[in-house]
Amino acid sequence: MNLTLRVWRQRNRETEGRFETYEMKDVSPDMSFLEMLDVLNINLIKKGEEPVAFDHDCREGICGSCGMMINGRAHGPGHRAATCELRMRRFEDGEVITVEPWRAASFPIIKDLVVDRSAFDRIMEAGGYVSAKTGGVPDGNAILIPKPIAEEAMDAASCIGCGACVAACPNSSAMLFVAAKVSQLALLPQGQPERKSRALRMVEQMDKEGFGNCSNNYACEAECPKQISVSHIARLNREFLKAKIL
Amino acid sequence: MKLDAKIPDGPIEQKWSNHRFHLRLVNPANKRKYTIIVVGTGLAGASAAASLAELGYNVLVFSYHESPRRAHSIAAQGGINAPKNYSNDGDSIRRLFYDTVKGGDYRSREANVYRLAEVSGSIIDQCVAQGVPFARDYAGYLDNRSFGGAQVARTFYARGQTGQQLLLGAYSALCRQIDAGRVKFFPRREMMDVVVIDGQARGIVARNMVNGILEPYAADAVVLATGGYGNVFYLSTNAKASNATAIWRAHKKGAFFANPCFTQIHPTCIPQSGQYQSKLTLMSESLRNDGRIWVPKKRGDTRRPEDIPENERDYYLERLYPSFGNLVPRDVASRRAKEMCDQGYGVGPTKLAVYLDFSDAIKRLGRSVIEERYGNLFDMYHEITAEDPYKTPMRIYPAVHYTMGGLWVDYNLMTTVPGLYVIGEANFSDHGANRLGASALMQGLADGYFILPYTIGDYLASETFNPVKTDHAEFKKAEQETERGIKKLMSIDGKKTVDEFHRDLGAIMWDQVGMARSKSGLKKALQLIPALKEQFWKNVRVTGSDLDLNIELEKAGRVADYFELGELIARDALHREESCGGHFREEYQTPEGEAKRNDARFSYVAAWEYRGARKGEVLNKEPLKFEVVKPSQRSYK
């Protein structure tokens, strides 16, 4: 396939960015999107230009490092897939593909397609845990968890923290990310003692980081590579309200 | 130098508890006066950093990732072992110990392996307490599945995302300590060197990968939890950024490198499809529980797998190993797959693949059960290959996956440099010449939660520490040397990209130092690698600036280290004139084609010592004693 890429290039946070256009020849449909960018980068280096910087690591959709807006969609046109899992067979020969970094004020640009998602870590630090110290815990089978509850908690826990939910949301809301963790731990018996403080503190930190509010747009669920359901946002709302009022 | 592994005396069951009693302790009020650096935030690093901080130490944590949660432990799929005997199938600490020593082909330390088996149960309890959503049965109890190299079901799992869930558990414990102010996390920092002062590891030099500035950090002890070196082969299941730079630079500062040739090839990966390919994707070993591996009986059969009748299929693992069948250890399964393909039975467009077929399991259990067990893996396979594994068998081929070798550590997990500890995949200690499935997560967390926090206290309590600041001459020297290396890479301005060099090195490693090795091939590698390295230092092209986020510069530094490490792997493989576990020398095999050990000559840990650019690497040996498990020819028949 032959493709035209329009890629966002920006040296750092301070300098202004712009789109650069690159022609790609003989792209194999079996390539992953990132492998296609690897080829672009080799071509750029050969010409003495700087390669396009993008975050990536495991390249199998689990580390959550990669993420870019491809033709205006978080992680591109793939279904249930992070950018690294997206294959070029999802595109048409001759297509013009626009590649941008995550667009959200809370994810400032570091370079090209690389953004700073440390806001997610700070939200996690504000309560995304069970305060179980190493040692001194009971046998694993002493805590019984009904299978459907374990499964639902696992659905929420499968969040990879990529930020697609924020990038896809018109309000740049991080509700799905926060809800996934609050929901997982609210479902499990281990999470009960800190249930209220967790919901309050994580939401407070989320607001402090400048993420927007949820207006039931559901773009987050649609673009989530792990298909985390917005029903967790409903649970987050209940948890937050209960903690605030009761 | 005589290596002292510091293995405690006494019967194997009592070694660890006796040893713990004799370890010196740091008074709780004094712990905050000690600073410990932890490099790496995978299972080992995150669990160690969180546990050390809980004890009261002042902990500095470094990662080249933006967040601790990105470490490659996250990609582990299948599970984590513990001999809880919840399955009532006769499991015990002793059996897990035995399986691991045997699985490692009698090239690991008995005392370490026993301790690993002993603490593994506590890991499950700890992870459950953190809220890790392990699979449960309908009564609400923890569920288990079986894995290669074992005949009991002792593997705990969270769908096909066990590594993710365990890492997020350790990461959450770390977050709690960051929030409490006891851990300071430094993201996007690459460790460039270890600083040794008066014979003690006293800090590191890190590169801030966003602005390129070199930063020195001082401490009282340094812990490396930086993972394995499988990416020396270019194509592997490791993440793209996984690298050996931290352990390699530590090696050059005096830490011995043990058994570098013990590398693991995982049998079930998605085959390579083109030249551009950047990495290989693993399909969890757990698939071998329900999938059956086969090739057509006829060479070069081009029929679709569904069209090949049952009696024209060769389920070769079931045929060769009736008692373990598809669940033989990884080294055996990989070698047999290669053998089948070498003999012309391979399938798919490249003929470098065998089938992993689920049709019987789907018939027996129904599609929904298979979906529940392996759904995400099937989806991943479908997305990558555009083939639906519910309808047609998967095609799989072995790929580099894990490295059993690593920096030499004693029983306390300390290297030959006092105060420098290595945990997780980065050390060599527990897996011998072959690691069993679901044991990497176990070892990483055992080291981090339950071993290092005790042993490091003994060192801190018994040593005296002169106050050291980062303006010390040794810090300056390390910074200057690092800077010289960086400037050199930036100035070559050649014609070939870092990736192209890396791919060339990988091809040499895979062809000559991969699944089957020979004297002539290894000698050839020992000529080709230095020649390629010379080319690299003359002709590599790194664009951009070193005082900026520069992905090419990052890769160039890592690949420069791979040349040296690759050479050492080949040398170690050449010197070890036997086959054991993942190290298969074609000259040394049984009539049935199994690995043939030579215990009389090679029952030792090969620990390589770097003596400087001129003198190079010198071999030291730590003899292995087997007091409990008597070494025998491994049999999985």
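Domain bounds in this report come from an automatic or database domain assignment. The model is a predicted one. By that assignment, chain B is divided into domain 1 (267-400) and domain 2 (473-616).

**The two domains of chain B**

Taken over C-alpha atoms, the centres of domain 1 and domain 2 of chain B are separated by 31 Å. Six residues from domain 1 of chain B and six residues from domain 2 of chain B take part in the contact. On the domain 1 side, helix α8 (residues 330-342) of chain B gives the most, with five residues. What classes of residue make up the side of domain 1 of chain B that touches domain 2 of chain B? Four are charged, one is polar and one is nonpolar.

**A hairpin in chain B**

Chain B also holds a strand pair that can be described residue by residue. Strand β6 (residues 189-197) of chain B has nine residues, and eight of them are buried, so this strand is largely enclosed by the rest of the structure. Its partner is strand β7 (residues 200-208) of chain B. The two strands pair in the antiparallel sense, over eight bridges. Within this pair, B:Val196 stands opposite B:Ala201 of β7(B). The hairpin has two residues between the strands. In this hairpin B:Asp198 takes a positive phi near 50°. In a regular strand, side chains alternate between the two faces of the sheet.

**Chain A**

Chain A has 246 residues, and buried residues make up 55% of them. Its secondary structure comes to eight helices and seven strands. Along the principal axes, the C-alpha trace of chain A spans about 60 × 35 × 35 Å. How much of the contact set in chain A with a separation of 6 or more comes from residues 24 or more positions apart? Such residues account for 70% of those contacts.

Chain A, too, is divided into domains: domain 1 (3-111) and domain 2 (118-245). Their C-alpha centres lie 29 Å apart. The contact takes 18 residues from domain 1 of chain A and 16 residues from domain 2 of chain A. On the side of domain 1 of chain A that touches domain 2 of chain A, 10 residues are nonpolar, five are polar and three are charged.

**Domain centres side by side**

| Domain pair | Separation of C-alpha centres |
|---|---|
| Domain 1 of chain A and domain 2 of chain A | 29 Å |
| Domain 1 of chain B and domain 2 of chain B | 31 Å |

How values were computed. Residues numbered from 1 in each chain as written. Chains lettered and ligands numbered in written order. Predicted model: local features only at pLDDT ≥ 70, side-chain atom pairs only at ≥ 80, totals over all residues. Contact = placed C-beta atoms within 7 Å. Helix = DSSP H or I, 4+ residues; strand = E, 2+ residues; numbered from the N terminus. Nonpolar A, V, L, I, M, F, W, Y, C, P; charged D, E, K, R; others polar. Buried ≥ 20, exposed ≤ 12 C-beta atoms within 10 Å, placed from the backbone. Pairing = 2+ DSSP bridges.
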